[in-house]
Amino acid sequence: MTIAVIDYGMGNLHSVAKALEHVTHENVVITRDPRRILGATRLVLPGQGAIRDCVGELERTDLRGLVDEILTRQDKPLLGICVGQQMLLERSEENGGVACLGFFKGSVDRFPNDMRDAHEQRLKVPHMGWNVVEQHHDHPLWAGIDNREHFYFVHSYYVNAADDAQVFGTTQYGKVNAHVAIGRDATFAVQFHPEKSSRAGLRLLENFVTWTP
């Protein structure tokens, strides 16, 4: 039993791997070897930085086709994290507009510059720090996690998924209701960083390594 953290040169790979090792006795590997990725029982698609760079590195390392194949087959659980979530949508506004993997219908949009809270206080972009996640639908990865639990975020762009049935968690930031947890079949993806989200994040990773879609 192996969990493969897909290494295409972008993402907080070692922190994610260490967090997974903390919650499971399964073998956790960071790899870009197609044979090891295809042979793994579970996959993690991380992401960090600009989305054009992430998509570009996925293509440069010849892993784009492999990830597309995995998404099409849906024969093993896959967890997308941060830009690893955003890449699964159709398109992102970042970098002047970038075509993404298109597994989920919808877009990745930028937070407005003039963000205000309920008291009309200015909000910073990027959205950085702890925020509440509202569980929009039930999902096995929410097991043992309280609704409106706090998770850790760092992002200037947010997912706007087209299908409400695929939205499993939302976070309010100013007037934006960001879709921060989305899922379909054997794929689940989150905008927040579970590896940086203390007990709740570790519980989500623990749920992922025991999840049977």
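Which residue in β7 is the bridge partner of R91? The close-up views below take up this pairing and a few backbone details of the predicted model.

**About the model.** Numbering starts at 1 along each chain, following the written sequence. The model is predicted: local features need pLDDT of at least 70, side-chain atom pairs count only at pLDDT 80 or more, totals for chains, interfaces and linings use all residues, and side-chain values rest on heavy atoms, with hydrogens and water left out.

**View 1. An open sheet of four strands.** The strands follow the order β6-β5-β7-β12, and their pairing is mixed. Because β6 (98-99) and β12 (157-161) stand at the edges with a single partner strand each, one side of each has no neighbour in the sheet. Helices (H or I, at least four residues) and strands (E, at least two) are DSSP runs, numbered from the N terminus. Two strands count as paired if DSSP finds at least two bridges between them. As a reminder, strands of a sheet pair through backbone hydrogen bonds, either parallel or antiparallel.

**View 2. The parallel pair β5 and β7.** Here is the reply to the opening question: R91 has S107 as its bridge partner in β7. Strand β5 covers residues 91-92, and two bridges link β5 to β7 in the parallel sense.

**View 3. The antiparallel pair β7 and β12.** Strand β7 spans residues 106-110 and is joined to β12 by five bridges, the two strands running antiparallel. Look for D109, whose bridge partner in β12 is Y158. Have a look at V108 too, which stands opposite V159 of β12.

**View 4. A cis peptide bond at P126.** V125 and P126 are joined by a cis peptide bond, with omega about 15°. P126 sits in the loop between β9 (122-123) and β10 (127-135). Most residues other than glycine have a negative phi, and most peptide bonds are trans.

**View 5. C82, with a positive phi.** The phi of C82 is near 60°, a positive value in a residue other than glycine. You will find C82 in the loop between β4 (78-81) and α5 (83-86). C82 is buried, at 4% relative accessible area; buried means under 20%, exposed over 50%, and partly exposed in between, with a 1.4 Å probe and protein chains only.

**View 6. E120, also with a positive phi.** E120 is a residue other than glycine with a positive phi, near 65°. The loop between β8 (115-116) and β9 holds E120. E120 is partly exposed, with a relative accessible area of 49%.
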